[in-house]
Amino acid sequence: VLLLAACSGTSSTPVTDPFTTLSSAYAPASVWYASRRGIRTVLHVHPFSSTRAKFEQAILSGLRLPAWHQKAEFISYPVDGKRRGHRLVLVFNPTGRISHGDACDDLSEIGVGAADSMTRLHVAFCTSERSLSEISGRVFASDLDDPALTKLLAQAIDQLLPPSNFE
């Protein structure tokens, strides 16, 4: 019974893709450049039952760059903002598969669904309309204050922004 429970996927342990999709153009220097005045961060969809302002504040204040990068602030950037420069894009609960580069393009083309017990996340580090790195993950998170969501965000950012380009 314990073995079946462990395999059922109902734990709140975050799961990210085993590999980050890296562009040959990804370099840690891109992260440094993007973080000089704060990392512009786009949050596509509001999956929890809090206000949009509370959601943005909780996510942005909870994001941290991996230890191998300098510290930086994550600042809100509008979904419909110009797709120029470096930015981090977080898509919550996409309804379909997101292909490489989609999150860096027109977000109105990406369908998002209502929150349920499973929170799905796709994160991309973009420069203009080009993806430098991308990763997807999921976790059973019941609300915005769920520690499992914080763990998923940390795990995804760590894998999204590696210390070197292994490609």
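**Pockets, cores and local features of the predicted model**

The largest pocket is lined by 16 residues, and those nearest its centre are Asp17, Arg97, Ile98, His122 and Ser136. The structure described here is a predicted model. The volume of this largest pocket is about 270 Å³. Strand β7 provides the largest share of the lining, four residues, and β6 and β7 each supply at least two residues. Sorted by class, the lining of the largest pocket comprises five nonpolar, seven polar and four charged residues.

The largest nonpolar core contains 33 residues, and Ile59, Leu88, Leu90, Phe92 and Val123 have the most contacts inside it. Two or more residues of this core come from each of α2 (28-35), β3, α3, β5 (86-92), β6 (118-127), β7 (130-140) and α4 (147-160). Helix α4 gives the most to the core, with seven residues. A second, separate core has 11 residues, including Tyr77, Ile98, Cys104 and Ile110. Ile98 is also one of the residues that lie nearest the centre of the largest pocket.

The surroundings of Phe92 can be described in detail. When neighbours within four places in sequence are left aside, Phe92 is in contact with Leu43, His44, Val45, Pro47, Phe55, Ile59, Val112, Thr119, Arg120, Leu121 and Leu149. Among these partners, Ile59 is listed, like Phe92, with the residues that have the most contacts inside the largest core.

The structure holds one salt bridge. This salt bridge joins Glu56 to Arg52, with the closest N and O atoms 3.1 Å apart. Both residues lie in helix α3 (residues 52-62), where four residues, about one turn of the helix, separate them. Arg52 counts as partly exposed because its relative accessibility is 31%.

Two loop residues on other segments are exposed. Ser49 is situated in the loop between β3 (39-44) and α3, and Ser49 counts as exposed because its relative accessibility is 79%. Ser49 and Leu63 are 14 residues apart in sequence, with a C-alpha to C-alpha distance of 20 Å. Phe19 occupies the loop between β1 (15-16) and β2 (21-22), and its relative accessibility of 64% places Phe19 in the exposed class. Phe19 and Ile135 are 116 residues apart along the chain, yet their C-alpha atoms are separated by 7.5 Å.

Backbone geometry was also considered. Most residues other than glycine have a negative phi. Asn93, which is not a glycine, has a positive phi of about 55°. Asn93 lies in the loop between β5 and β6 and counts as buried because its relative accessibility is 0%. Ser128, likewise a residue other than glycine, has a positive phi near 55°. Ser128 is found in the loop between β6 and β7, and with a relative accessible area of 31%, Ser128 is partly exposed.

Note on methods. Residues numbered from 1 in each chain as written. Predicted model: local features only at pLDDT ≥ 70, side-chain atom pairs only at ≥ 80, totals over all residues. Heavy atoms only, no water. Salt bridge = Lys/Arg side-chain N within 4 Å of Asp/Glu carboxyl O. Buried < 20%, exposed > 50% of the residue type's maximum accessible area, 1.4 Å probe, protein only. Core = buried A, V, L, I, M, F, W, Y, C linked by side-chain atoms within 4.5 Å. Contact = heavy atoms within 4.5 Å. 1 Å grid on protein atoms, 1.4 Å probe; cavity = no way out; pocket = protein on both sides within 12 Å on 5 of 7 lines; lining within 4 Å. Points joined across faces, edges and corners; volume = space filled by probe spheres on them. Nonpolar A, V, L, I, M, F, W, Y, C, P; charged D, E, K, R; others polar.
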